[in-house]
Amino acid sequence: MNDGTKQFVDDRQRRRLERRFGVHVGEWLTELPAIIEKLAAEWRLTVEGPAPHGRTSVVLHVLDVDGRKGVVKLSPDSGLIVAEAGLLRLWAPSGRVPEVRGLDPRCGAVFMERIEGDTVAAGGTVPDMETVGSLIAALHSVEAPSARIRELPPLTSRVQFVFDQWERERNEGPAADVVPASVMHRGFARARDLANGRENVVPVHGDLHPGNVIDGGPRGLVAVDPRGCLGDGAVDAVDWAVWKVTDLDEVERRVTVLAAVMGVDADRVMAWVRAFAPCQAVAKVNRGHAGTDEFDVLMELAEGRPYAVR
């Protein structure tokens, strides 16, 4: 990377982008300073510096001409940015997503409101499931124009992507010796069958884990970084049912509360939890958490016999 790029992207982020998009992303990174300069001029922004990045983007803290705090998110995959901005605009009436203030599809960039606060994951405290369920219900209850809905990819495509990603992570890490391939295949079959269903079909976030929800203080929980698709709304509850859980009874309790607040079937939420449990088990192992109570619960969900939520 050149010196101009290094002020926005460190080596760790470069490796993450290369893993996601391939080594050719280096060309995009070389052009990044010029892209940022162009956007700052067009949107009349002052760039304060880099913000925490994800796997698919570079994020910058900025100030607009009126001194309002914002973020600019850029990705070598312009389609991801356009899709994200579209879903955030669709969900704007809920007040539970950042306001989109600008979009440049050619540059693969979106300018958004900055939500002050830490992600739930960074805070480390499990919120009340009633609060989480209310966030999800607020997003799913927004009336979406039929034309906009037809633009969303199906949930089946998201399921395929997630399992392809975690199967690759399993094969390339220590999880290959701990999480059997048969467990991954069974989870994928379950998730595929659920995704093909026609129950509770709404625009879903698609990646609503604690790292993608900000505790906005008086504003409440705010969802960011959607991977929007159309399908069963129950899927957005999955990560919350198992985050920091150490026994199956707690999973059942959370599922019961989440389902009631969201207005969906609890057994269906649990079916989604069981389907994705192998992917989450792989993540635990590859982060050095094999053998923990949390890992054991995930494997019980992935391998154990089905049971109904009371």
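Does Arg158 count as buried or exposed, and at what relative accessibility? At 15% relative accessibility, Arg158 counts as buried, where buried means under 20% relative accessible area, exposed means over 50%, and partly exposed lies in between, with a 1.4 Å probe and protein chains only.

## About the model

This is a predicted model, in which local features need pLDDT of at least 70 and side-chain atom pairs count only at pLDDT 80 or more, while totals for chains, interfaces and linings use all residues. Residues are numbered from 1 along each chain as its sequence is written, and side-chain values use heavy atoms, with hydrogens and water left out.

## Overall form

The chain contains 13 helices and nine strands, these being DSSP runs numbered from the N terminus, with helices (H or I) of at least four residues and strands (E) of at least two. Taken along the principal axes, the C-alpha atoms fill a box of roughly 60 × 45 × 35 Å. A compact globule with 310 residues would have a radius of gyration near 19 Å, and the chain, at 20 Å, agrees with this; the radius is taken over C-alpha atoms, and the globule rule is 2.2 Å times the number of residues to the power 0.38.

Of the 310 residues in the chain, 49% are buried. The accessible surface comes to about 14,100 Å², and carbon and sulfur atoms account for 49% of that surface; such areas come from the Shrake-Rupley method with a 1.4 Å probe, and for residues only the protein chains shown count as cover. Among contacts between residues at least 6 apart in sequence, 71% join residues at least 24 apart, a contact being heavy atoms within 4.5 Å.

## Salt bridges

Side chains of opposite charge can pair when their charged atoms come close. A search of the whole structure finds 23 salt bridges, each defined as a side-chain nitrogen of Lys or Arg within 4 Å of a carboxyl oxygen of Asp or Glu. In one of them, the side chains of Asp207 and Arg158 meet at 3.7 Å, N to O. This pair links distant parts of the chain, with Asp207 in the loop between β6 (201-204) and β7 (213-215) and Arg158 in helix α8, 49 residues apart. Asp207 is partly exposed, with a relative accessible area of 23%.

Another salt bridge joins Arg268 and Glu199, whose closest N and O atoms are 3.6 Å apart. Because Arg268 lies in helix α12 (residues 266-286) and Glu199 in the loop between α9 and β6, the pair ties together parts that are 69 residues apart in sequence. Arg268 is buried at a relative accessible area of 14%, whereas Glu199 is partly exposed at 44%. In the salt bridge between Glu250 and Arg254, the closest N and O atoms are 2.9 Å apart. Glu250 and Arg254 are four residues apart in helix α11 (residues 248-262), which means that about one helical turn separates them. Arg254 is buried, with a relative accessible area of 4%. Salt bridges that share partners also join Arg19, Arg55, Glu169 and Glu172 into one network.

## Aromatic pairs

The structure holds five aromatic pairs. Rings of Phe, Tyr and Trp (its six-membered ring) pair if their centres lie within 6.5 Å, and planes under 30 degrees apart count as stacked, over 60 as edge-to-face and the rest as tilted. Phe163 and Phe188 form a tilted pair, at 5.5 Å centre to centre and with 55° between the planes. The pair links distant parts of the chain, since Phe163 belongs to helix α8 (residues 155-172) and Phe188 to helix α9 (residues 181-195), 25 residues apart. Phe163 and Phe188 are both buried.

The rings of Trp240 and Trp243 have centres 6.5 Å apart and planes at 80°, so this pair is edge-to-face. Trp240 and Trp243 are both buried. Ring pairs also link Phe163, Phe188, Trp272 and Phe276 into a cluster.

## Cysteines and backbone angles

There are zero disulfides, a disulfide being a pair of cysteine sulfur atoms within 2.5 Å. The sulfur of Cys279 is 14 Å from the closest cysteine sulfur, in Cys229, which is too far for a bond. Cys229 is buried at 1% relative accessibility, and Cys279 is buried with a relative accessible area of 3%.

Asn200, a residue other than glycine, has a positive phi near 50°. Asn200 sits in the loop between α9 and β6 and is partly exposed, with a relative accessible area of 34%. Lys244 also has a positive phi, of about 60°, although it is not a glycine. Lys244 is found in the loop between α10 (238-242) and α11, and is partly exposed at a relative accessible area of 39%.
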